[in-house]
Amino acid sequence: MTEVQNENVEVRSLPRIGSPAPQFEAKTTHGVLKLEDYKGKWLILFSHPADFTPVCTTEFIGFQEMYPELREMNTELLGLSIDSVHSHIAWVRNIEEKFGVEIEFPVIADLTMDVAHKFGMIMPDESDTETSRAVFVMDPEQVVRAIIYYPSAIGRNMDEIKRLLIALQTADEHKIATPANWTKGERVIVPPAPTQELAAERMNNPEYECKDFYFCTKEIK
């Protein structure tokens with residue numbers, strides 16, 4: 001990751017889709033964790049502006065509600081904000097007490113903003129002391145596969161985050177693409193034929209439904 005110094009202000013390039021995720025080691029509510037600890041699993045790393053705030057509370061409840069299903073998909077959750085471990089612990093205990101939801105995934109206490117800066121989670125025009133609502137999806141090889149940002153006033157759509165993960169895993173397994181608004185069980189898109197010969201064959205393949213050689217779909221189980 002490129003870093004330059006300009007008048008004592010550190011500027012970092014943001015992680016890109018398809019690039020290795022920045023490595024880190026950080027204090028969390030589950031002890032010290034490193035990115036390497038998640039190798040071999042999919043990881044959803046997300047940041048929130050602050051503990052003990054209403055929108056963030058609804059998001060933590062939403063993440064926890066889908067956490068068991070994510071773990072069945074070999075996926076872990078890891079939260080982050082620029083708050084202390086003690087603040088995180090007090091907040092997750094409060095969520096359990098007031099809302100009846102036990103937060104089972106760890107939360108990074110990023111007081112130094114090290115991880116936040118590495119992942120570009122701080123938007124200075126919105127706040128230079130709080131992280132935005134960023135979501136990074138990393139695959140088992142710890143490559144960044146998707147990035148989503150939300151403004152601080154808008155809660156995230158948990159169904160879309162889960163849909164995105166399912167689509168990524170499906171695309172990897174079957175070497176296909178997914179159309180707009182795709183959900184599990186719907187037809188998927190076959191990569192375009194690279195030659196005239198394969199294009200002609202594809203149009204006659206009973207497995208596919210083709211509008212033309214470049215637009216063919218199929219069912220997957």
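These legends describe close-up views of a predicted model of one protein chain.

Residues are numbered from 1 along each chain as its sequence is written, and side-chain values use heavy atoms, with hydrogens and water left out. Because the model is predicted, local features need pLDDT of at least 70 and side-chain atom pairs count only at pLDDT 80 or more, while totals for chains, interfaces and linings use all residues.

**View 1. The whole protein chain.** Five helices and twelve strands make up the secondary structure. Helices (H or I, at least four residues) and strands (E, at least two) are DSSP runs, numbered from the N terminus. The C-alpha atoms fill a box of roughly 65 × 50 × 30 Å along the principal axes. Of the 221 residues, 46% are buried. Buried means under 20% relative accessible area, exposed over 50%, and partly exposed in between (1.4 Å probe, protein chains only). Among contacts with a separation of 6 or more, 65% link residues 24 or more positions apart. A contact means heavy atoms within 4.5 Å.

**View 2. Helix α1 against helix α4.** Helix α1 spans residues 54–72 and helix α4 residues 158–174. Their axes come within 10 Å and cross at roughly 30°. Axes are lines fitted to C-alpha atoms, for helices over the stretch in contact, and angles run from 0 to 180 degrees between N-to-C directions. The two helices are therefore roughly parallel. Angles under 35 degrees count as roughly parallel, over 145 as roughly antiparallel, 65 to 115 as roughly perpendicular and the rest as oblique. On the α1 side, E59, G62, F63, M66, E69 and L70 make the contact; α4 supplies M158, I161, K162 and L165. By class, six of these residues are nonpolar, one is polar and three are charged. Ala, Val, Leu, Ile, Met, Phe, Trp, Tyr, Cys and Pro count as nonpolar, Asp, Glu, Lys and Arg as charged, and the others, Gly among them, as polar.

**View 3. Helix α1 against helix α2.** Helix α2 covers residues 85–99 and packs on α1 at about 80°, with the axes 11 Å apart. The pair is therefore roughly perpendicular. C56, T57, F60 and I61 of α1 meet W91, I95 and F99 of α2. This contact has six nonpolar residues, one polar and no charged ones.

**View 4. The β3–β4 hairpin.** Two residues link β3 to β4 in a hairpin. Strands β3 (25–28) and β4 (31–34) pair in the antiparallel sense over four bridges. Two strands pair if DSSP finds at least two bridges between them. T28 has G31 of β4 as its bridge partner.

**View 5. The three-stranded open sheet.** The strand order is β10-β12-β11, with antiparallel pairing. β10 (188–190) and β11 (209–212) are edge strands with a single partner each, so one side of each has no neighbour in the sheet. Neighbouring strands are turned by 30° against each other on average, direction ignored. Three bridges join β11 to β12 (residues 215–218). E209 has T217 of β12 as its bridge partner.

**View 6. Two loop residues with positive phi.** F52 lies in the loop between β5 (42–47) and α1. Its phi is near 55°, and F52 is not a glycine. At 48% relative accessibility, F52 is partly exposed. M113 lies in the loop between β7 (107–109) and α3 (114–118). M113 has a phi of about 65°, again positive in a non-glycine residue. With a relative accessible area of 18%, M113 is buried.
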